[in-house]
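I opened this notebook to keep track of what I looked up, beginning with the contact between the chains and then turning to helix packing and backbone geometry.

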Amino acid sequence: MTALLIRRFLADRPWQFALAVMLCALGMASAIAIVWLQSVLEQHARRQAQGIDIVVGAKGSALQNVLAAVYYLDVPNGNITLKEVDALRANPQVAKAIPIGIGDSVGGARIVGTTDEFIPFYGGTLASGTFATAPMDAVLGAGVARRTKLKLGDSFVGAHGLGHGSESGDAHDSYPYRVVGILNPTGRVIDETVVTPVESVWLVHEGHSASANGDREATFALIQAKGPIGVATLPRLINARPGLQAAVPALESARLLTSFNWVALVVKVFAGILVIAAMASLLGALLQALARREPDLALLRAMGATRGTLAGLMLGESLVLITVASVVAGGLVALAAWSFQTFALPGVVIDAGEGFLYGFAGLGIAALLAALATIPVLRRCLSIDVAAQLSSR
Amino acid sequence: MLTVTGLSHRYSATAVAPEIRFGSFSLDSGQALLLRGGSGAGKSTLLHLLCGVLQIQPASGSVTLGEQSLQTLTRAERDGLRPYTVGWMPQRQFLMTSLTVLENVLLPASLAGRADETTRQRATDLLQSFAIADLAQLRPQTLSVGQAARASLARALVTQPKLLLADEPTAALDAVSSRLVIEQMARYVERGGAAIIASHDPAIHALWASVSGNSAPLAEIELTETRSK
């Protein structure tokens with residue numbers, strides 16, 4: 001009987017029910033999505049720097065060098081000579097020293113001139129074609145291939161400048177690249193990168209830079225140390241050399257994130273407010289429903305329903321509402337994650353398992369708050385004056 | 001079956017709240033009692049006390065229903081009186097708009113978890129005898145006042161209670177509906193039930209006599225505003 005009554009109560013006012021569900025679901029989904037996607041972004045940022053102990057670039061801002069070399073979010077401070085990179089590679093504390101030359105882009109993706117070590121260093125594997133074997137061979141990251149629609153054998157020219165909006169830069173029409181390979185997605189910056197031998201960059205920029213005189217240059221060197229001692233000692237050694245600057249991505253990222261700690265706090269507070277707002281809307285919906293049904297509830301008491309039955313009705317209605325809202329919220333969060341992965345940050349790795357954990361935690365908190373929100377409704381429900389209700393309608 | 005002795009009631013425990021006095025009376029199976037009195041005389045209050053909705057206060061007289069002394073019952077025990085010991089037809093026609101007419105009639109049995117096939121058949125028979133069987137699957141908002149009153153009485157009778165309490169059962173009803181309602185109450189009393197009807201309808205006594213003859217006489221108590229502070 002209780003189930004029938006709950007069903008009828010809800011079915012009799014579908015729009016009010018739908019509105020209450022949507023208000024609750026939007027609040028819960030927003031809160032879960034905000035907290036979860038913040039975590040996804042932090043993990044995404046950490047993943048980009050994975051394996052890169054030190055970035056060596058031209059003297060200037062260390063943070064700028066990290067942003068330019070690791071995240072491809074800024075312009076470099078300048079160039080370094082390849083001789084310096086070779087000298088670093090010879091250091092016994094250095095496991096890998098991978099030179100990268102950047103400066104051009106295609107369709108918003110950076111063209112990175114580098115060595116054969118670069119793609120395996122980022123965990124890249126071929127989806128089709130081959131690795132580059134000659135200058136002007138290009139291997140496309142998965143995101144670049146999807147976005148630019150370039151296929152194996154296609155040719156394209158790079159534009160001077162980095163990233164989006166650089167298409168208006170000078171096009172290097174005389175030096176077309178040829179697509180020889182396409183990579184599988186990795187969830188790292190390489191997905192949005194065109195990888196080519198560093199000789200391609202020198203070839204394209206002959207006449208653009210001083211490197212044409214044979215003193216070859218790269219923009220950065222990505223250093224992987226052999227151990228923690230190397231990570232600790234190499235920066236001082238590198239910084240002592242004229243024109244070189246060592247930046248440790250882990251330190252620079254941590255410094256950057258620390259300065260934005262208040263943002264994370266604001267985001268969490270905002271998420272909390274959203275959950276409370278959702279529960280307030282649930283409380284409002286339940287109180288409104290109770291006010292409307294007081295005569296019915298009084299009648300049920302008159303017909304023999306116990307106070308426990310009435311409590312069961314209100315709790316049941318609250319449970320149905322929060323359950324449906326949770327399912328809708330779960331769908332909205334999944335939609336937000338998909339949109340984020342598809343449109344906002346292609347290539348970002350979203351861990352569905354972690355999403356479920358955040359979802360369950362969020363819904364657990366919501367269920368707890370829903371139970372709290374139901375208490376005043378229950379108190380009012382159980383104190384209904386049956387005699388007064390049935391004498392006054 | 002029902003014995004009321006020196007019963008009175010105050011709606012508030014404060015000394016200034018007026019006290020309504022009901023006096024003493026008794027009722028046996030197969031008997032019917034008409035409570036008369038103007039508005040505020042305490043007719044509905046007396047019915048609320050007898051069906052357990054209101055608590056009988058200590059030192060406010062006594063009520064014995066069958067073997068039970070009502071003033072010693074807990075709230076849960078008083079709730080347990082309805083619907084199998086006491087059937088209640090509240091003032092006006094309270095039907096739940098979320099349920100069909102048949103579901104409304106079955107409501108007391110359903111709440112008690114006793115809406116078995118026999119009870120369903122009884123509900124259908126009652127609707128038949130009240131001439132509203134064809135409305136069984138409709139929602140109450142489509143019913144006229146007279147039809148709703150008949151459904152309300154059917155609901156009070158579906159559990160075959162020992163005592164039927166009806167609060168203004170013919171209020172706002174047309175002659176046909178009034179007659180049907182009173183006729184069914186008389187049939188119930190003739191079958192051994194006991195009924196207390198609170199009404200200020202002057203025609204109810206004559207109506208009862210016309211449908212029951214002498215087989216179930218309707219006694220009468222006049223409640224006057226004997227309130228004291």
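This is a predicted model: local features need pLDDT of at least 70, side-chain atom pairs count only at pLDDT 80 or more; totals for chains, interfaces and linings use all residues.

**Entry: extent of the interface**

I looked up the contact count next, and it sets 25 residues of chain B against 23 residues of chain A. The size of an interface is often given as the accessible area lost when the parts come together, so I took that value as well. Chain B and chain A bury about 2,300 Å² between them, and 61% of this area lies on carbon and sulfur atoms. On the chain B side, the residues that lose the most area to chain A are B:Phe94, B:Met96 and B:Leu111, which together make up 28% of what that side buries.

**Entry: salt bridges**

Over all chains the rule gives a count of 16 salt bridges, and I noted that three salt bridges are counted between chain B and chain A. In one that I checked, A:Arg8 pairs with B:Glu103, with 2.6 Å between the closest N and O atoms. In another, the side chains of A:Asp12 and B:Arg139 meet at 3.2 Å, N to O. This pair crosses between chains, running from helix α1 (residues 2–12) of chain A, where A:Asp12 sits, to the loop between α4 (117–129) and α5 of chain B, where B:Arg139 sits.

**Entry: helix packing in chain B**

I returned to α3 of chain B (residues 101–111) and looked at how this helix packs with α5 of chain B (residues 145–157): the angle is about 35° and the axes are 7 Å apart. The crossing of α3(B) past α5(B) is right-handed. From α3(B), the residues B:Val101, B:Asn104, B:Val105, B:Leu107 and B:Pro108 meet B:Ala151, B:Ala154 and B:Arg155 of α5(B). By class, this contact comprises six nonpolar residues, one polar and one charged.

**Entry: backbone geometry**

Most residues other than glycine have a negative phi, and most peptide bonds are trans, which is why I recorded the following two cases. The peptide bond from B:Arg82 to B:Pro83 is cis, with omega near 5°, and B:Pro83 lies in the loop between α2 and β6 (86–89) of chain B. A:Tyr72, although not a glycine, has a positive phi of about 55°, and I located A:Tyr72 in the loop between α3 (62–69) and β2 (80–81) of chain A.

Definitions and conventions:
Residues are numbered from 1 along each chain as its sequence is written. Chains are lettered from A and ligands numbered from 1 in the order in which they are written. Side-chain values use heavy atoms; hydrogens and water are left out. Axes are lines fitted to C-alpha atoms, for helices over the stretch in contact, and angles run from 0 to 180 degrees between N-to-C directions. Helices (H or I, at least four residues) and strands (E, at least two) are DSSP runs, numbered from the N terminus. A crossing is left-handed if the near helix is turned anticlockwise from the far one by less than a right angle, and right-handed if clockwise. Contact means heavy atoms within 4.5 Å. Ala, Val, Leu, Ile, Met, Phe, Trp, Tyr, Cys and Pro count as nonpolar, Asp, Glu, Lys and Arg as charged, and the others, Gly among them, as polar. Buried area is the accessible area (1.4 Å probe) that two parts lose on being put together, summed over both. A salt bridge is a side-chain nitrogen of Lys or Arg within 4 Å of a carboxyl oxygen of Asp or Glu.
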